[in-house]
Amino acid sequence: MSKNLTAKAAFIVGILLVFVFGFLGIPHGGLKQSILRHINLGLDLKGGVHLVLQVHVAEALTSATDHDVARLEADLQKAGITGTTVGKTDPQNPETIVVSGIPSTRLADARGVMEGTDYSSYDVATNATGNTTLTMKQSAIADLYTRTLNTSIDTIRERIDKLGVTEPQIQKYGLGENEILVELPGVKDPAEVEDVIQSTAKLSIHAVVGGPYGTDADALQANNGVIPPDSMLVHGVGSAGMPDQVWLLKRTSEVEGTDFRDAQPSTDQNGRPNIRFTLTTEAGDRFYKYTSTHSKSSSTPGSMAIVLDNKVREVAGIDSAIRDNGEITGGFTKQQASDLSLMLRTGALPASISYLETRVVGPSLGAASIRQGVIAAVAGMLAVMIFMLIYYKGAGINADLALILNLVILLGFMGFAGATLTLPGIAGVILTIGMGVDSNVLIFERIREELRNGKSTPVAVQQGFAHAWTTIFDTHVTTIVSAAILFLFGSGPVQGFAVTLVFGLLANLFTAVYVSRVIFDAVLERKERGASLSI
């Protein structure tokens with residue numbers, strides 16, 4: 001064998017060994033176990049939990065405008081414009097802020113504040129009553145909804161990663177508005193699923209305006225039948241062991257999940273589990289201003305409520321000012337304190353979520369799918385290999401070797417990339433086998449055509465590969481583009497199909513063109529000049 005062919009053969013063997021290592025590693029504990037350690041199985045093959053979540057993005061709009069109300073109030077006071085009332089008067093239109101009571105002599109100054117860069121996402125208008133309204137632009141609302149959904153996905157992914165769930169699928173779900181698909185392969189215990197679900201709650205701390213009341217009716221009666229627009233009624237237990245009660249809370253939170261820099265489970269002076277937290281610098285300054293104004297020794301003492309997932313979890317008086325370090329007590333168990341700390345460390349959800357669908361896929365279904373898929377792949381591959389040997393004789397061995405190497409490279413790709421094999425992914429493997437055969441058939445038929453035209457065997461092989469290359473390249477590129485679109489817009493199993501198909505096609509370009517040509521050259525080198533080719 002010439003030096004050039006020897007180098008090419010060594011290169012192919014090296015590639016083969018590298019990709020065998022990709023899906024097999026250093027074998028120990030049996031071949032099947034070694035493969036499963038390197039190739040992840042999807043939910044449909046391994047079993048697990050399938051969830052569809054809906055993000056209530058409208059809450060993010062309410063929260064954003066609530067904070068802008070507080071900020072605008074402070075900005076007007078800073079500009080020396082007093083006597084104004086800033087609030088949201090219509091619960092059905094949370095995107096609108098109403099400013100009333102602006103002194104006539106300060107209208108221009110107030111307008112200047114409201115049309116500043118801090119409020120560029122609002123349209124400012126003055127109505128017939130003399131009040132000024134700030135209405136959030138539709139483009140800003142759409143952007144806020146998109147950011148809320150993306151932030152929710154990132155937060156859920158980070159929390160699930162920290163819980164040790166391997167290869168979760170967390171992405172936008174295209175079948176409904178603001179929905180997220182979560183697939184957790186290998187999660188079998190429903191209690192474990194519940195833990196994951198609970199870890200997506202939202203936490204905030206609000207000033208207590210009034211309460212507790214026994215019922216919503218009692219709360220309305222105590223407030224002359226009207227709930228102030230900047231306040232809200234929230235149910236909860238208030239402290240461990242207490243019955244459900246109702247509190248009137250300030251709608252705008254003093255701090256919420258995104259303000260927490262760190263949180264760790266701990267115990268209070270009585271040995272009860274609690275959470276020690278550290279706020280960001282900005283949130284610490286804001287919290288200090290509130291707690292120092294309403295501490296026990298101040299002229300306006302108050303209390304604050306810890307709200308978890310829209311339920312009051314604890315109501316406590318403010319003993320002293322708190323800046324950036326504090327603790328949350330609430331009758332937590334040790335596990336609850338640990339879970340809540342994890343939530344705060346990994347960031348807060350910008351809006352609450354609800355669960356539209358929870359489905360458990362049994363591992364026995366996955367095992368049957370694997371068995372049937374493997375049988376189909378092996379049977380298909382054997383049928384194709386036998387056909388190639390019968391129809392193309394000696395050249396069929398060339399095609400069969402290329403097919404086997406194609407499968408090895410595909411599995412190695414998946415092992416190195418950490419890709420997940422799904423049931424549609426097995427279909428992608430089988431389709432790849434078909435594409436591989438198709439490439440070989442194109443090349444072999446071109447070679448036969450050149451031989452029928454009277455070309456010598458080396459020339460026929462050289463021109464057969466050259467003429468087939470353009471067609472093979474075009475078909476592979478167009479299929480890869482289609483698979484890429486499936487990957488971008490599909491969900492878990494569809495993405496699994498796209499991944500295996502792309503990997504298989506890339507491997508096929510190498511095996512059907514490069515490897516097959518090297519084998520042909522090696523065979524021709526051993527033949528006498530003018531000898532015929534078995535094809």
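**A buried asparagine, a helix pair and a pocket**

Good morning. I begin with Asn 508, which counts as buried because its relative accessibility is 2%, under the 20% cut-off. The structure we are discussing is a predicted model. Asn 508 belongs to helix α15, which covers residues 492-526. Its side chain has a partner: a polar contact of 2.7 Å links it to the side chain of His 476.

I turn now to a pair of helices. Two packed helices are described by the angle between their axes and the distance between the axes. Here, helix α13 (residues 423-452) packs against helix α14 (residues 457-489) at an angle of about 145°, and their axes are 8 Å apart. Among the residues of this contact, 10 are nonpolar, nine are polar and two are charged. The crossing of α13 and α14 is right-handed.

Is Gly 464 buried or exposed? With a relative accessibility of 0%, Gly 464 counts as buried.

Next, the largest pocket. Rolling a probe the size of a water molecule over the atoms shows where empty space is left. The largest pocket of this model has a volume of about 1,200 Å³. It is lined by 36 residues, and those closest to its centre are Ala 70, Arg 71, Glu 73, Thr 252 and Glu 254. Which element gives the most to this lining? Helix α4 does, with nine residues. At least two lining residues each come from α4 (57-78), β3 (85-87), β4 (96-100), β9 (203-213) and α9 (281-293). Sorted by class, the lining holds 11 nonpolar, 12 polar and 13 charged residues.

Finally, I draw your attention to two details of the backbone. Most residues other than glycine have a negative phi, and most peptide bonds are trans. The peptide bond from Gly 211 to Pro 212, however, is cis, with omega near 10°. Pro 212 is located in strand β9, one of the elements that supply residues to the pocket lining. The second detail concerns Asn 224, which is not a glycine and yet has a positive phi of about 60°. Asn 224 sits in the loop that runs between α8 (216-222) and β10 (231-236). Asn 224 is exposed, because its relative accessible area is 73%, over the 50% cut-off. Asn 508, with which I opened, is buried at 2%. Thank you.

Conventions
Residues numbered from 1 in each chain as written. Predicted model: local features only at pLDDT ≥ 70, side-chain atom pairs only at ≥ 80, totals over all residues. Heavy atoms only, no water. 1 Å grid on protein atoms, 1.4 Å probe; cavity = no way out; pocket = protein on both sides within 12 Å on 5 of 7 lines; lining within 4 Å. Points joined across faces, edges and corners; volume = space filled by probe spheres on them. Helix = DSSP H or I, 4+ residues; strand = E, 2+ residues; numbered from the N terminus. Nonpolar A, V, L, I, M, F, W, Y, C, P; charged D, E, K, R; others polar. Axes fitted to C-alpha atoms, helices over the stretch in contact; angles between N-to-C directions. Left-handed = near helix turned anticlockwise from the far one by under 90°. Buried < 20%, exposed > 50% of the residue type's maximum accessible area, 1.4 Å probe, protein only. Polar contact = N/O pair within 3.5 Å; in protein donor to acceptor, adjacent residues only side chain to side chain.
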